[in-house]
Amino acid sequence: LNPEILDAEIQIKNYTLFRSDRQGCTHGGVCTYVRNDLATSVILKDSNSYCDTLVLRIHQLNLLLINLYRPPKCPSNLFLQSLHTIKNIINSFEEHDKRSHDILLTTNCNFPQIKWTHGIGQYQEGRKVGQVGEDKVQIAALLEFAEEFFLHQVINSPTRLNNILDLLFTNNLHLINDHTVICNEKLSDHYI
């Protein structure tokens with residue numbers, strides 16, 4: 001997404017569109033659609049020219065809805081900065097409200113090196129994809145982040161080629177009734 005794409009061009013009836021466009025580069029950006037009947041606050045819209053982040057709070061559901069995009073070859077400091085910002089937001093809500101929130105984190109982190117088994121990720125040694133040292137540091141940070149907030153990754157089918165790149169984390173599995181991966185190569189090189 002970029003500013004030249006108007007909200008009206010991508011609007012879905014009965015949903016409110018929230019977006020964080022890529023700054024300084026082409027491609028990228030994130031958007032989230034929330035039903036109109038759910039009171040939603042924007043907590044963060046951020047782009048550091050690599051990672052794009054959108055954090056929403058859905059009040060009636062006591063839910064933090066987080067959308068994060070990390071492109072391939074992202075410098076470690078920028079991905080770690082995005083994770084740190086999200087971590088601070090979650091901690092500040094829990095400190096302020098004195099209760100935990102449900103979390104849904106949707107992300108495309110472009111880490112084909114992670115093997116997902118029963119919602120837990122593990123780095124696959126010997127998988128020479130991307131910038132190995134940089135990616136390994138970032139994968140460790142993502143897995144540590146998921147562990148810290150008791151997040152379980154639910155997508156278990158490939159979303160691009162044979163890789164699970166598009167991820168959905170939650171700390172409350174009751175929020176997910178069903179999910180499926182839909183192959184539509186006309187729309188994107190990632191499956192829906």
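Start with Lys 87, which is partly exposed at 26% relative accessibility. The model is a predicted one. Lys 87 forms a salt bridge with Glu 148. The closest N and O atoms of the two are 3.2 Å apart. This pair links distant parts of the chain.

Side chains of opposite charge can pair when their charged atoms come close. The structure has six salt bridges. Another of them joins Asp 135 to Arg 70, with 2.8 Å between the closest N and O atoms. Here too the partners come from distant parts of the chain. Asp 135 sits in helix H3, while Arg 70 sits in the loop between E5 and H2, 65 residues apart. Are these two residues buried or exposed? Asp 135 has a relative accessible area of 3%, so it is buried. Arg 70 is buried as well, at 0%.

A further salt bridge connects Asp 21 and Arg 19. Their closest N and O atoms are 3.0 Å apart. Both residues are buried. Asp 7 joins Arg 19 and Asp 21 in a network of salt bridges.

Now return to Arg 70. Its charge lies over the face of Phe 79, 5.9 Å from the ring centre. Phe 79 is buried, with a relative accessible area of 0%. What does Phe 79 touch, beyond its neighbours within four places in sequence? Its contacts are Cys 51, Leu 68, Arg 70, Cys 74, Cys 109, Phe 111, Gln 138 and Leu 142.

One of those contacts, Phe 111, brings in the aromatic rings. A pair of aromatic rings is described by the distance of the centres and the angle of the planes. The structure holds three aromatic pairs. In the pair of Phe 79 and Phe 111, the centres are 5.8 Å apart and the planes stand at 80°, so the pair is edge-to-face. Phe 79 lies in helix H2 and Phe 111 in the loop between E6 and E7, so the pair ties together parts 32 residues apart in sequence. Phe 111 counts as buried, at 3% relative accessibility.

Trp 116 and Phe 169 form another edge-to-face pair. Their centres are 5.7 Å apart, with 75° between the planes. Trp 116 lies in strand E7 and Phe 169 in strand E10, 53 residues apart. Both Trp 116 and Phe 169 are buried.

The nonpolar core comes next. The largest one has 46 residues. Which members touch the most others? They are Phe 79, Ile 90, Leu 142, Phe 145, Leu 151 and Phe 169. Several elements each supply at least two residues of this core, including strands E2, E4 and E5, helices H2 and H3, and strand E10. The largest share, seven residues, comes from H2.

Last, look at Asp 46 in strand E3, which spans residues 40-47. Asp 46 is partly exposed, with a relative accessible area of 29%. Leaving out residues up to four places away in sequence, Asp 46 touches Ser 20, Cys 51, Asp 52 and Thr 53. Arg 57 is eleven residues from Asp 46 along the chain, and their C-alpha atoms are separated by 15 Å.

Technical notes
Residues numbered from 1 in each chain as written. Predicted model: local features only at pLDDT ≥ 70, side-chain atom pairs only at ≥ 80, totals over all residues. Heavy atoms only, no water. Core = buried A, V, L, I, M, F, W, Y, C linked by side-chain atoms within 4.5 Å. Buried < 20%, exposed > 50% of the residue type's maximum accessible area, 1.4 Å probe, protein only. Helix = DSSP H or I, 4+ residues; strand = E, 2+ residues; numbered from the N terminus. Contact = heavy atoms within 4.5 Å. Phe/Tyr/Trp six-rings, centres within 6.5 Å; stacked < 30°, edge-to-face > 60°. Lys NZ or Arg CZ within 6 Å of the ring centre and 35° of its normal. Salt bridge = Lys/Arg side-chain N within 4 Å of Asp/Glu carboxyl O.
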